[in-house]
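Here are my notes for a colleague who is opening this entry for the first time. Please keep the structure in view while reading the points below.

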Amino acid sequence: MTGELVLPGYAHPRPGNHPPLDFPGYTATALRHPVKPLVLLPHRLTEVTGPLLGDELITMQDADLTTRHAGEPLGQRIIVSGRVLDSGGRPVPDTLIEIWQTNAAGRYRHTHDHHSAPLDPDFDGIGRAITDAGGRYRFVTIKPGAYPWGNHHNAWRPAHIHFSLFGRAFTQRLITQMYFPGDPLLPLDPIYNSVPDDKARQLMVAEFSIEDTQPEWALAYRFGIVLRGRDASVFEEGNQR
Amino acid sequence: MSELVTPSQTTGPYFAMRLPWLEGPFVVPEGTPGAVTIIGRLFDGAGDVIPDGLIETWQAGPDGRFAHPDDPRGPVPAGYGAFRGFGRCPTARDGSFKLVTLKPGALPFGDGRVEAPHIDVSVFARGLLDRCVTRVYFPDEAALNGADPVLAAVPADRRPTLIAVPLADGLLEFDVHVQGDRETVFFDL
């Protein structure tokens, strides 16, 4: 079991890039955040590898949330596309993206969602895609709605789409949310505002794209996603030092 | 200083709509010879169960190899079929989760030391703005656990939170306490 291992190392995000686990504005964090110090986990074989969940699991239809049912879903049809890059600017190809969202009325198709808004029999809010060789992906869906969530008086979540990504290593696993530009609920939302760094927070807001917008058919948004990059210096350990 | 990355956000309560489509708790099919089942529950700081969490796992095969191009030891020799090493299980109403897998092999750490068999775990939930990362170690590996460089960095009195408890032959228990007296050790990845 001895010998040299040359492994990629993944950069640690800068302070303020991710939300703190303890964020009083989001009341559910109170009993759900660790209080004891975290232990540094070096990046070794288990951390620099990860599930490469290939396109054998995915069909083209998985990326179009508007054509899977008998009729078309209600709401504003939108195209959401972008590239997945690492923080060094390199594309992340062949990586699985999963999304989930409410329907246009702000209701999830989930037994625990009791919001009084209607369900849409033609929309389940689930999508999957694999990035291409350039890290690109594209979903067709409808614009999700805002919904009340009881965190504080008159609390409404801004419209958002949940994004889940694997990258190519356990270190790159990310679950985030995509928001819409100009949403008046954004300044009021504790989950969005839990991210301390202004620029990092804005990375979660998609950009409207008139170029990608399809005449007579759908508005378009671009949402680029940045995963942890490899350290500039490749991690390397010698033998029996 | 590293460049910015897209920030983490909570999964919220509704990922269970369909994220469990992927393989689920069966890293290997139930009944696979040598399979080990790991059961556990997810608890909050008040000792209440978390019924809307998601547990994901990643591990080497029994031979200590990964089917991954960044494993510098080269392609995985045949022997474990379609074993991929990834598991995913939403927690149930009683906070429980389950994983059916093969016990991973030990791994080289790169400096002559050896990592004891372990499974990397990500915990997601409503109320968690970022995942919590922990590891499952195995109770029948006292010698390797005692020499494991990652466990060695954990305060001795907290190490037991990372070692699964044997319940029966092929059945282990690994509870996760996000907070509280029995708080599980979580890692800064």
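1. A definition comes first. Two residues are in contact if their C-beta atoms, placed from the backbone, lie within 7 Å. Take the contacts in chain A between residues at least 6 apart in sequence: 73% of them join residues at least 24 apart. Keep in mind that this is a predicted model.

2. Next, the overall build of chain A. The chain holds 3 helices and 14 strands. Its C-alpha atoms fill a box of roughly 65 × 40 × 35 Å along the principal axes. For 241 residues, a compact globule would have a radius of gyration near 18 Å; chain A has 20 Å, which agrees. Of the 241 residues, 44% count as buried.

3. Now a sheet. In chain A, 4 strands form an open sheet, in the order β5-β4-β9-β10, with antiparallel pairing. The edges are β5 (126-130) and β10 (174-179) of chain A, and each of these pairs on one side only. From one strand to the next, the twist averages 20°. As a general point, strands of a sheet pair through backbone hydrogen bonds, either parallel or antiparallel.

4. Look at one pair within that sheet. Strand β4 of chain A, residues 96-101, runs antiparallel to β5(A), and the two share 5 bridges. Which residue of β5(A) stands opposite I97(A)? The residue is A129(A).

5. The loop between β4 and β5 of chain A deserves a stop at F123(A). Is F123(A) buried or exposed? F123(A) is buried, because 26 other C-beta atoms lie within 10 Å, and the cut-off for buried is 20 or more. Setting aside neighbours within four places in sequence, F123(A) is in contact with L65(A), P73(A), N103(A) and I142(A). A63(A) is 60 residues away from F123(A) along the chain, and the C-alpha atoms of the two are separated by 13 Å.

6. Turn to the interface. How many residues of chain A are in contact with chain B? There are 77, and they meet 67 residues of chain B. Several elements of chain A give two or more residues to this side, among them β1 (5-6), α1 (45-48), β9 (160-165), α3 (198-202) and β13 (225-227).

7. β2(A) pairs with strand β12 of chain B, residues 187-188, in the parallel sense over 2 bridges. In β12(B), F187(B) is the bridge partner of V39(A).

8. Two backbone angles are worth checking. Most residues other than glycine have a negative phi. N154(A) is not a glycine, yet its phi is positive, about 60°. N154(A) sits in the loop between β7 (147-148) and β8 (156-157) of chain A. N154(A) counts as exposed, because it has 8 C-beta neighbours inside 10 Å.

9. The second case is E216(A). Its phi is positive at about 65°, although E216(A) is not a glycine. E216(A) is found in the loop between β11 (207-208) and β12 (219-222) of chain A. With 4 C-beta neighbours inside 10 Å, E216(A) counts as exposed; the cut-off for exposed is 12 or fewer.

Definitions and conventions: Residues are numbered from 1 along each chain as its sequence is written. Chains are lettered from A and ligands numbered from 1 in the order in which they are written. This is a predicted model: local features need pLDDT of at least 70, side-chain atom pairs count only at pLDDT 80 or more; totals for chains, interfaces and linings use all residues. Two strands pair if DSSP finds at least two bridges between them. Axes are lines fitted to C-alpha atoms, for helices over the stretch in contact, and angles run from 0 to 180 degrees between N-to-C directions. The radius of gyration is taken over C-alpha atoms; the globule rule is 2.2 Å times the number of residues to the power 0.38.
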